[in-house]
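Trainee: I have a new model open and would like to go through it. Can you take my questions in turn?
Mentor: Go ahead.

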Amino acid sequence: MSQPSIWGASLVKATVLQWGAVVGLAGVAWLVSGNAALSLLGGGFAVVLPNTLLALWLMPRLQRADAAGAVALMVAEGLKLMGTTGLLLAVVLLMQPALVWPGFLMGIVAAL
């Protein structure tokens, strides 16, 4: 197996595990409280969605190993961090009255 295909498989596996952890934990939280499960999903998705978009962007570029690719990766990582921060803020503002902070934080930790 070539190095880029190994990295691609690792990206797919990591992304699927992140989505699975967030959705699975939300299912368990649903048994406790619907609002806790929604808060968990909001926190988890705010982290996993930008990670997934970065992985999808990165996969076709795995074979390039040049300086421009490294700079592009750093820019993409910065955009991912800004997107994650923006989504976390949006979830907090949109779910303000019904946000369950332990569930929200648990979703973030599960996604990470």
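Trainee: What pattern does the protein chain follow, read along the sequence?
Mentor: The pattern is α-α-α-α. There are 4 helices and 0 strands, where helices (H or I, at least four residues) and strands (E, at least two) are DSSP runs numbered from the N terminus. This is a predicted model, in which local features need pLDDT of at least 70, side-chain atom pairs count only at pLDDT 80 or more, and totals for chains, interfaces and linings use all residues. Residues are numbered from 1 along each chain as its sequence is written, and side-chain values use heavy atoms, with hydrogens and water left out.

Trainee: What box do the C-alpha atoms fill?
Mentor: Roughly 50 × 30 × 15 Å, taken along the principal axes.

Trainee: And how much of the chain is buried?
Mentor: Buried residues are 30% of the 112 residues. Buried means under 20% relative accessible area, exposed means over 50%, and partly exposed is in between (1.4 Å probe, protein chains only).

Trainee: Which residues have the most contacts inside the largest nonpolar core?
Mentor: Val22, Leu40, Leu99, Phe104 and Ala111, in a core of 14 residues. Such a core is a set of buried Ala, Val, Leu, Ile, Met, Phe, Trp, Tyr and Cys residues joined through side-chain atoms within 4.5 Å.

Trainee: Which elements give two or more residues to this core?
Mentor: α1 (3-32), α2 (34-58), α3 and α4 do. The largest share, 4 residues, comes from α2.

Trainee: What does Ala111 touch?
Mentor: Leaving out residues up to four places away in sequence, Ala111 touches Gln18, Val22, Gly44, Val47 and Val48. A contact here is heavy atoms within 4.5 Å.

Trainee: Back to α4. Which of its residues are buried?
Mentor: In helix α4 (residues 101-111) they are Gly103, Phe104, Gly107, Ile108 and Ala111. These residues cover an arc of only 140° around the axis, so they sit on the same side of α4. The arc is that of the directions from the helix axis to the C-beta atoms.

Trainee: Which exposed residues are on the face turned away from that side?
Mentor: Pro102 and Val109.

Trainee: New topic. How many salt bridges does a search of the whole structure find?
Mentor: The search finds 1. Lys80 pairs with Glu77, with the closest N and O atoms 3.0 Å apart. The term means a side-chain nitrogen of Lys or Arg within 4 Å of a carboxyl oxygen of Asp or Glu.

Trainee: Where do Lys80 and Glu77 lie?
Mentor: Both are in helix α3, 3 residues apart, about one turn of the helix. Lys80 counts as buried because its relative accessibility is 15%, while Glu77, at 27%, counts as partly exposed.

Trainee: Last one. Which residues form the nonpolar patch on the surface?
Mentor: Val71, Met74, Val75, Leu79 and Met82, with about 530 Å² of accessible area together. Patches are made of residues with over 30% relative accessible area and no salt bridge: like charges are joined within 9 Å, nonpolar side chains (Val, Leu, Ile, Met, Phe, Trp, Tyr) within 5 Å. Areas come from the Shrake-Rupley method with a 1.4 Å probe, and for residues only the protein chains shown count as cover.

Trainee: Is Met74 buried or exposed?
Mentor: Exposed, because its relative accessible area is 58%. Met74 is found in helix α3 (residues 67-94).
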